[in-house]
Amino acid sequence: MLPCLEFDRIGAHMAKATIEKQPNGTIKFTIALPFAEESKVRDQVLAEHAKEVNVPGFRKGKAPEQMAAQRLNPEHIREDVLKKILPQAYMEAVQENKVRPIMNPKINVEKIDEGEDWIFTAETCEMPEVDPGKYKEHVQKVTAKSKIAVPGKEQEKPNLDQVVKAVTEGAKVEIPQLLIDQETDRLLAQLLDDVKRLGLNLEQYLGSTKRTSEDLRQEYATRATEDIKLEFVLQKIAEDAKIVVEEIEIEEAIQKAKSPAEKQNLEANRYVLAGILRQQKTLAFLKNL
């Protein structure tokens, strides 16, 4: 979930940012971009686009900038200015306030009047406080049976679902709604892709399962909440138990890829792979309590 944002360095901004924090880790920035800074970026964007404009009587990109600018779509120019200026202003606000976001921001443009300062908000969240509770005691109640040796009978292995339930039931964590909404949207998008592959549309799928769109979203929101809670709790347990993933373990997992494409994907997402491996090691640790 940790984001990796990229943006163009276009010079130091003088954006003014205010920050609001909620106990569950939700953060809201309100950022004002001075008109003078907008103008600088707009001039850069216009110059870039002018090179691609065809003006009768001139070779491509050789017409006077002012003439070329008259043939450009103002909406497209403004969109490009926003794409350049908003990510950097947001990242500067994050750095100045020493915030450690775990998701990409939800950005809303509040005011972009010509000749005035632009104002936008950016909502994100940090890692909330996680209290794993007495997880060892809860898990040991589940795994106890596997430690009892009965002559002539194979030892009963702990059920992973039972272990997961024992871990999350006693844990306390207030999950930011932004994160729940984002994961719910991802799960629903995945479902919609699956439904389309079956040759159905969403209405047909809902009719066949006797559910409404509201029912479906609530169901997936509950699932998203449970998934995120488990991820946070396992991460906290891994930290407390000092469970780490060595570089050699990442390399071994990459080498086990079933195809060149899968191997390339794992190589490109080593950070994500490390997180998955750490989660697997944490679950194995819990099963052996």
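Trainee: Where does K210 lie?
Mentor: K210 lies in the loop between α7 (202–209) and α8. Helices are DSSP runs of H or I with at least four residues, strands are runs of E with at least two, and both are numbered from the N terminus.

Trainee: What kind of model is this?
Mentor: This is a predicted model, where local features need pLDDT of at least 70 and side-chain atom pairs count only at pLDDT 80 or more, while totals for chains, interfaces and linings use all residues. Residues are numbered from 1 along each chain as its sequence is written, and side-chain values use heavy atoms, leaving out hydrogens and water.

Trainee: Back to K210. What is its phi?
Mentor: K210 has a positive phi of about 55 degrees, although it is not a glycine. Most residues other than glycine have a negative phi.

Trainee: Is K210 buried or exposed?
Mentor: K210 counts as exposed because its relative accessibility is 75%. Buried means under 20% relative accessible area, exposed means over 50%, and partly exposed is in between, with a 1.4 Å probe and protein chains only.

Trainee: And where is K98?
Mentor: K98 is in the loop between α3 and β3 (106–111). The phi of K98 is also positive, near 55 degrees, and K98 is exposed at a relative accessible area of 70%.

Trainee: New topic. How many aromatic pairs does a search of the whole structure find?
Mentor: The search finds one. Rings of Phe, Tyr and Trp (its six-membered ring) pair if their centres lie within 6.5 Å; planes under 30 degrees apart count as stacked, over 60 as edge-to-face and the rest as tilted. The pair is F29 with Y90, edge-to-face, at 6.1 Å centre to centre and 80 degrees between the planes.

Trainee: Which parts does that pair tie together?
Mentor: F29 lies in strand β2 (residues 26–33) and Y90 in helix α3 (residues 74–96), so the pair ties together parts that are 61 residues apart in sequence. Both F29 and Y90 are buried.

Trainee: Which residues touch the most other members in the largest nonpolar core?
Mentor: V139, V167, L179, F232 and L286 do, in a core of 25 residues. A nonpolar core is a set of buried Ala, Val, Leu, Ile, Met, Phe, Trp, Tyr and Cys residues joined through side-chain atoms within 4.5 Å.

Trainee: Which helix gives the largest share of this core?
Mentor: That is α8, with seven residues. A second, separate core has 22 residues, including A15 and V41.
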